[in-house]
Amino acid sequence: MRKRVRTAIFISGRGSNMQSLVAAAQTPDYPAEIVLVVSNNPQAGGLAFAQEHGIATASFDHKAYKSRAEFEAAIQAVLTAHNIELIALAGFMRLLTAEFVNAWSGRMINIHPALLPAYKGLHTHERALNDGAREHGCTVHFVVPAMDEGEIILQRAVPVLAGDTPETLAARVLVEEHIAYPEALAMVAASLV
Ligand code: GRF
């Protein structure tokens, strides 16, 4: 088999997208290998899942660091120790500095719960509903210093239905996220090997 791209997933919470990437990476010939899960939140629910699946985890409580630069230096040291080649942000709720992002240019991707360039930032489902959007969805994109910018790798759309709440719409989008992210990670990893 070809060499697989050593990938770290960054999470802050439940980690359902991380779980979908871990599951996909267990299939034969998947071009990425998930070797590390990084969290800024030691309580992140996704950490237990990763540990149960034999994946190394590292938590960096951002509140314990004097600056973003020190926080990121600690993360980078662990990435280097694990020979990480590619980063997938999956619900990672800390902004990363331009220095860190630029160091990983073309090797860091993110999933956003909206059809970018629509609804950058937070509360995407509420905002789509308030606007009367007919269509919503998710985007996997390369990470650049400006938040939720960066080249789009792929998108999946869902209809907005009458009676939707932010929760029902989020759940419909999440189903697509769990399809889109493994597909996008495979595309990017295959282009790197
Ligand atoms: C997802 O909706 C993702 O698009 C967004 O944050 C959420 C993370 O959910 N960036 P999970 O932790 O992957 O379940």
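**Ligand site**

The ligand sits in the largest pocket. A pocket is found on a 1 Å grid over the protein atoms alone, as an open set of points with protein on both sides within 12 Å along at least five of seven lines; a molecule sits in a pocket if more than half of its atoms lie within 2 Å of its grid points. The model is predicted, so local features need pLDDT of at least 70 and side-chain atom pairs count only at pLDDT 80 or more, while totals for chains, interfaces and linings use all residues. Residues are numbered from 1 along each chain as its sequence is written, and side-chain values use heavy atoms, with hydrogens and water left out.

**Shell and polar contacts**

Around the ligand (a heavy atom within 4 Å) are Arg14, Gly15, Ser16, Asn17, Gly91, Ile111, His112, Pro113 and Glu177. By class, two of these residues are nonpolar, five polar and two charged, with Gly counted as polar. Helix H1 (16-25) and strand E5 (108-112) each supply at least two residues of the shell; helices (H or I, at least four residues) and strands (E, at least two) are DSSP runs.

Polar contacts are pairs of N or O atoms within 3.5 Å. Oxygen atoms of the ligand lie 2.9 Å from a backbone N or O atom of Gly15, 2.5 Å from a side-chain N or O atom of Ser16 and 2.8 Å from a polar backbone atom of Asn17. The protein covers 85% of the 360 Å² of accessible area that the ligand has on its own (Shrake-Rupley method, 1.4 Å probe).

**Salt bridges**

The model has five salt bridges, each a side-chain nitrogen of Lys or Arg within 4 Å of a carboxyl oxygen of Asp or Glu. One of them pairs Lys3 with Glu85, their closest N and O atoms being 2.8 Å apart. Because Lys3 lies in the segment before strand E1 (5-11) and Glu85 in the loop between helix H3 (68-81) and strand E4 (86-89), this pair ties together parts 82 residues apart in sequence.

**Backbone features**

Most residues other than glycine have a negative phi, and most peptide bonds are trans. Asp29, in the loop between H1 and strand E2 (32-39), has a positive phi near 70°. A cis peptide bond, with omega about 15°, joins Leu116 and Pro117; Pro117 is in the loop between E5 and helix H5 (124-130).

Conventions: Polar contact = N/O pair within 3.5 Å; in protein donor to acceptor, adjacent residues only side chain to side chain. 1 Å grid on protein atoms, 1.4 Å probe; cavity = no way out; pocket = protein on both sides within 12 Å on 5 of 7 lines; lining within 4 Å.
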